[in-house]
Amino acid sequence: MSLGSSFLVLTLLSAPIKMLDASMIPTTPTKRTMSPTPPPKILPSLVLLDRDGVINVDVGSPGVTHPSQLCLTPGASSAIGSLKRAGCNVALVTNQSCVGKKLITYSELQVIHETIFNMLHEEDKDAKIDTVYCCTSTKECGDERMKPSPGMIREAKRDFGVEGDQCIFVGDTLTDMQAAKGGGVESRILVSTGYGVTIMGGNEAPEGGKFIENPEDSSIPLPSSALPFLYFKNLATAVSWLLCENED
């Protein structure tokens, strides 16, 4: 199946049942590697990004607690700058329980975010995050805003006035994919950076990406609550594919 068809399948599988037509559901084998065939025009109005492991390098638990720990993932600045130049809104959607655990204060978290924004801007003047959605609760709180719950996703869709087919989520964890799916985001991308490669059984994303639809598509069984999604090496390659495939 072509790259465009794969993305179309992702959208169809995530759409409400009433929107599906039996003639539109593919009957060909589902395991595939993407090809460079352009998909339909699907440039999203809103791009939702996880933070650690997507924009900046994940440092492991308990997460970034000081600006000195920050390092951007390869090409993150140019990727976000390219999205902005293409007319996309870009929002950060992140769990930061280090605040709830009292490892850092909310003010210190804001300093970390400001540092990230400055680092992005230094490398690409157009690399701007429009809004930050951040949950500082701990797991024990049962906060509906905390991924894998979809609270922050729904907030973002409401604030930007978009539907699920007008936005895309890029993350590096199963909780990212689950939150995005639960929040009605039809197009979801997992990246190898951060925890992504571990989720995929140690297998890096192939050149051009891969459509992941079945639990067996990884050597580690994947929960249906996170499927389907597209798998790319990092944010830069995902954005490069997205924009390249949507050129006039």
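Two aromatic rings of Phe, Tyr or Trp count as a pair if their centres lie within 6.5 Å, and for Trp the six-membered ring is used. By that rule, this structure holds 1 aromatic pair. The partners are Phe-232 and Trp-241, 5.3 Å centre to centre, with 35 degrees between the planes. The pair is classed as tilted, because stacked needs planes under 30 degrees apart and edge-to-face needs over 60. Both Phe-232 and Trp-241 are buried. Please keep in mind that this is a predicted model.

Now the overall picture. The protein chain has 8 helices and 8 strands. Of its 248 residues, 49% are buried. The accessible surface comes to about 11,400 Å², and carbon and sulfur atoms hold 54% of that. Taking contacts with a separation of 6 or more, 68% are between residues 24 or more positions apart.

Leaving out residues up to four places away in sequence, Leu-235 touches Leu-49, Val-54, Ile-55, Ala-76, Ala-79, Ile-80, Val-170 and Val-191.

On to a polar residue. What does its side chain make a polar contact with? The partner is the side chain of Asp-52, at 2.8 Å. Again setting aside residues up to four places away in sequence, Asn-56 touches Arg-51, Val-64, Leu-70, Cys-71, Leu-72, Thr-73 and Ile-116.

Last, helix 5, which runs over residues 151-160. Its buried residues are Gly-151, Met-152, Ile-153, Glu-155, Ala-156 and Lys-157, so a Glu and a Lys are on that list under the cut-off of 20% relative accessible area. What covers them? The cover includes strands 2, 3, 4 and 5, together with helix 6, residues 174-182. After helix 5 comes Gly-161, with a positive phi near 65 degrees.

Notes
Residues numbered from 1 in each chain as written. Predicted model: local features only at pLDDT ≥ 70, side-chain atom pairs only at ≥ 80, totals over all residues. Heavy atoms only, no water. Buried < 20%, exposed > 50% of the residue type's maximum accessible area, 1.4 Å probe, protein only. Helix = DSSP H or I, 4+ residues; strand = E, 2+ residues; numbered from the N terminus. Contact = heavy atoms within 4.5 Å. Areas by Shrake-Rupley, 256 points an atom, 1.4 Å probe, with all protein chains shown as cover. Polar contact = N/O pair within 3.5 Å; in protein donor to acceptor, adjacent residues only side chain to side chain.
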